[in-house]
Amino acid sequence: MRIAIEDLEVSLSGRTVVSGVHLVAEEGEIAGLVGPNGSGKSTVLRTVYRYLRPHAGRVLVGGTDITSLTAAESARRVAALPQERGSDFELSVRAVVAMGRTPYKRAFAGEDRADAEIVAAALAGVGLAGAEKRRFSALSGGERQRVLLARALAQDPQVLVLDEPTNHLDVLHQVELLALLRAQRRTTLLSLHDLNAAASLCDRLHVLHEGALVASGPPREVLTPKLLAGVFGVRAAVVDHPLTGDPLIAFDHRTPGRLRRGEEDEEGRGRADLSLGAGTLPERG
Ligand SMILES: Nc1ncnc2c1ncn2[C@@H]1O[C@H](COP(=O)(O)OP(=O)(O)OP(=O)(O)O)[C@@H](O)[C@H]1O
């Protein structure tokens, strides 16, 4: 199913933290939200999985405004890996993943064979087959994250919404997670801080800056040195990855300091204005 976010505005504690956000994730597409800390990524994602209500604008999933759905209808369409990873479940790993089947069950109905197979496949998908009996609250951050991703997969949703899914994961598990998401071929909207992971995984990137969308498009068009300077305040070159051919952002980790709008660095690179011409913003209306 397609996700369409239309002119979204969200206010929190009386402050508008996201406004005018308009983006689409087409059926089967992996769409990435990137942006500096506090730019509004989690806020946008939270409106899609109904943790927050839009103050203005709409979120459509499969053409339906998600605020018009019942909780079970919404949970069959949208599964989320929220940023709050709920460390307090005194449940087994398997029981947490089996929670993903709840939207399909009548009250008090037990688990059937199909449910058990889906739960087992979800656990295997995140590399946790064999860990079913471990207590969720005793797992490491990365292990918990993989369990919660398995719960979202067990929900068998039309759309996956993932807030920073690579957080806490070691590099092998990051690579495995990206491979799993690619193989899903499910409409996915996710936030990522790792821009190289985003460039490799996502069909389209949407860049948030101070609560507004400033660029949208294929990673290679969006992730330019100019945008990286203007939005993220860093110096970087964008080259071809020698193994995969993906865009590879080579950050300059030696030169701290933020460029302000309109400034250039000493070599005249990275003019940090926001008239970036990077990618294109989607048509409105
Ligand atoms: N409950 C809240 N009340 C008031 N302001 C909030 C609340 N939650 C978040 N904010 C503000 O909303 C803005 C956007 O926050 P959000 O968590 O969406 O950003 P983010 O891009 O996901 O950041 P990060 O990369 O740090 O996770 C920030 O300025 C934040 O301080």
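## Conventions and overall make-up

Two strands are said to pair if DSSP finds at least two bridges between them, and strand 4 (residues 56-61) meets this criterion with strand 5, the two pairing in the antiparallel sense over two bridges. Helices (H or I, at least four residues) and strands (E, at least two) are DSSP runs, numbered from the N terminus. The model is predicted, so that local features need pLDDT of at least 70 and side-chain atom pairs count only at pLDDT 80 or more, while totals for chains, interfaces and linings use all residues. Residues are numbered from 1 along each chain as its sequence is written.

The secondary structure of the protein comprises nine helices and twelve strands. Of the 285 residues in the protein, 40% are buried, where a residue is buried if 20 or more other C-beta atoms, placed from the backbone, lie within 10 Å of its own. Two residues are in contact if their C-beta atoms, placed from the backbone, lie within 7 Å; among the contacts between residues at least 6 apart in sequence, 67% join residues at least 24 apart.

The residues around the ligand, a set in which each C-beta atom, placed from the backbone, lies within 6 Å of the molecule, are Leu12, Ser13, Arg15, Val17, Gly35, Asn37, Gly38, Ser39, Gly40, Lys41, Ser42 and Thr43. Strand 2 (15-25) and helix 1 (41-48) are the elements that give two or more residues to this shell, and helix 1 gives the most, with three residues. By class, the shell divides into two nonpolar, eight polar and two charged residues; here Ala, Val, Leu, Ile, Met, Phe, Trp, Tyr, Cys and Pro count as nonpolar, Asp, Glu, Lys and Arg as charged, and the others, Gly among them, as polar.

Helix 1 is itself mostly covered, since seven of its eight residues are buried, namely Lys41, Thr43, Val44, Leu45, Arg46, Thr47 and Val48. Just after helix 1, Arg50 takes a positive phi of about 65°.

Four strands form an open sheet in the order 2-1-4-5, with antiparallel pairing. Strand 2 and strand 5 (64-65) are its edge strands, each pairing on one side only.

A second open sheet has six strands in the order 6-7-8-3-9-10, and its pairing is mixed. Its edge strands are strand 6 (78-81) and strand 10, each of which pairs on one side only, and neighbouring strands of this sheet are turned by 15° against each other on average, direction ignored. Within the sheet, strand 3 (residues 30-34) and strand 8 (residues 187-191) pair in the parallel sense over four bridges, with Leu190 in strand 8 as the bridge partner of Gly32. Helix 5 (residues 141-154) lies across strand 6 and strand 7 (159-163), running at about 180° to strand 6.

Strand 9 (residues 204-209) and strand 10 (residues 212-217) run antiparallel and are joined by five bridges.

## Domains and the contact between them

The domain assignment, whose bounds come from an automatic or database source, gives domain 1 (3-223) and domain 2 (224-276). The C-alpha centres of domain 1 and domain 2 lie 28 Å apart, and the contact takes 14 residues from domain 1 and 13 residues from domain 2. On the side of domain 1 that touches domain 2, the elements giving two or more residues are helix 7 (195-201), strand 9, strand 10 and helix 8 (219-222). Helix 7 gives the most to that side, with four residues, and by class that side has nine nonpolar, four polar and one charged residues.

Strand 11 (residues 236-240) and strand 12 (residues 247-251) run antiparallel and are joined by five bridges, Phe251 in strand 12 being the bridge partner of Ala236. The hairpin of strand 11 and strand 12 has six residues between the strands, and in this hairpin Gly245 takes a positive phi near 80°.

Definitions and conventions: Buried ≥ 20, exposed ≤ 12 C-beta atoms within 10 Å, placed from the backbone. Axes fitted to C-alpha atoms, helices over the stretch in contact; angles between N-to-C directions.
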